[in-house]
Amino acid sequence: MRLSLLFFVLPTLAIGQVEQGAPNAGFDPAFPEQTRAPALETTPVTTTILADGLQRPWGIAALPDGAFVVTERPGRMRLVDADGVLSDPITGLPDVWDQGQGGLLDVAASPNFATDRTLFWTYAKPVDGGAVTAAARGIIGDDNTLTDVRDIFVQSNPTSKGQHFGSRVIPMSDGTVWITTGDRGAGDDGTLVQDITTTHGKVIRVTDTGGVPTSNPFVNQLGDDAVWSYGHRNMQGATIGPDGALYTIEHGPRGGDELNKPVAGGNYGWPLVSYGINYRGSDVGEGVAVQDGTEQPVYYWDPVIAPGGMAFYDGPYADWQDDLLIGSLNPGALVRLKMADGLVMGEERLLTDVGRVRDVEVTADGRVFVLIDDADGAVLEVVVGE
């Protein structure tokens with residue numbers, strides 16, 4: 001089924017934004033390296049349903065032949081062909097812990113998928129003591145069966161808590177893989193998140209076979225060799241920028257969702273510092289947002305957008321070139337950030353009535369797709385212009 005809708009979205013203001021034309025509009029930094037971004041002019045967009053009938057879809061990845069692979073959180077992975085036809089569930093997946101926010105999470109295709117047919121995914125893995133975030137790989141055959149399935153990362157310190165698994169996975173052409181994890185509800189004291197010997201609330205960097213790159217910052221030190229950065233709360237978005245660097249986005253508590261560009265060995269502060277407060281209304285840590293030894297975000301939101309996946313735009317619409325497109329789960333939208341020299345220069349909210357946008361995919365030819373997280377979820381194509 002295909003359905004076209006036309007959206008004319010009024011500009012909305014991001015955290016600290018001022019109206020267009022106001023004094024210093026958009027150029028009053030909240031702190032060094034962050035911009036208080038003004039609302040961008042409205043972009044007319046239409047959406048078309050490529051596929052529906054998906055149960056809580058979580059991750060989407062484009063394949064070289066024009067098809068997509070999509071995950072459903074209860075533990076299914078399916079192919080969606082160029083005409084929107086859903087395959088039966090792909091077989092060969094490991095067991096998934098489908099409780100709370102856990103389940104089958106992100107999926108990504110190998111940079112050499114056309115020849116190696118390898119998929120990577122993250123999931124909540126059931127283990128003694130509850131579940132952990134894990135990343136795996138496998139080869140998909142013509143019969144839609146995965147073979148040579150193996151974990152390349154398994155989070156330490158299992159818990160039966162059902163929140164904050166993260167997680168995104170990005171295989172790189174150099175044979176390394178980025179994986180993001182959440183704090184798993186580790187508590188306000190931050191023991192696990194601030195502990196570099198654990199993998200809670202971390203950016204993880206491993207090889208595509210599960211080894212550890214020797215260039216990781218804590219190799220041969222008193223930390224987990226797979227850790228790249230730490231002090232993160234719940235990273236549910238990650239992508240590679242036009243500059244080749246990793247960008248991540250994470251949920252804050254009440255306020256303080258963050259866009260970060262993680263540096264090797266960097267401490268991103270959770271739960272010592274935050275631009276939000278705890279859900280019960282108390283301060284996070286000592287109630288400060290800046291502390292020596294911690295890194296500042298590129299950008300933050302208060303009130304939050306509850307971020308999902310994200311992707312940089314590279315396509316035919318010049319006004320969006322190199323902008324960052326982010327899924328919002330609450331209040332629900334496609335958020336566009338105008339980027340320049342690593343700063344956020346403007347923000348636009350699109351698709352504000354389509355529901356929870358869990359993931360964003362920009363294909364090699366510049367088409368934009370979003371994944372709607374719902375019991376009857378869908379893949380929508382977003383077309384710029386009237």
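## The largest cavity

The largest cavity in this predicted model has a volume of about 60 Å³. Here, on a 1 Å grid over the protein atoms alone, a cavity is a set of points where a 1.4 Å probe fits but cannot get out, and lining residues have an atom within 4 Å of a point. Grid points are joined across faces, edges and corners, and a volume is the space filled by probe spheres set on the points.

Among the residues lining the largest cavity are Arg233, His251, Pro253 and Trp270. By class, this lining has four nonpolar, four polar and three charged residues. Ala, Val, Leu, Ile, Met, Phe, Trp, Tyr, Cys and Pro count as nonpolar, Asp, Glu, Lys and Arg as charged, and the others, Gly among them, as polar.

The structure holds two cavities of 30 Å³ or more.

## The pockets

A pocket, unlike a cavity, is an open set of points with protein on both sides within 12 Å along at least five of seven lines. The largest pocket has a volume of about 1000 Å³. Of its 38 lining residues, Ala109, Ile170, Thr239, Glu361 and Val362 are the closest to its centre. Elements giving two or more residues to this lining include strand 3, helix 1 (113–116) and strand 22 (357–362). The lining divides into 25 nonpolar, seven polar and six charged residues.

The second largest pocket holds about 350 Å³ of space. Its lining has 21 residues, with Gln101, His251, Tyr279, Ala306 and Leu329 nearest its centre.

Helices (H or I, at least four residues) and strands (E, at least two) are DSSP runs, numbered from the N terminus. Two strands pair if DSSP finds at least two bridges between them. Three strands form an open sheet in the order 3-4-5, with antiparallel pairing. Strand 3 (57–62) and strand 5 (76–80) are the edge strands, each pairing on one side only.

Strand 3 and strand 4 (residues 68–72) pair over four bridges, and Ile60 stands opposite Val70 in strand 4.

## Reading the model

Residues are numbered from 1 along each chain as its sequence is written, and side-chain values use heavy atoms, with hydrogens and water left out. In this predicted model, local features need pLDDT of at least 70 and side-chain atom pairs count only at pLDDT 80 or more, while totals for chains, interfaces and linings use all residues.
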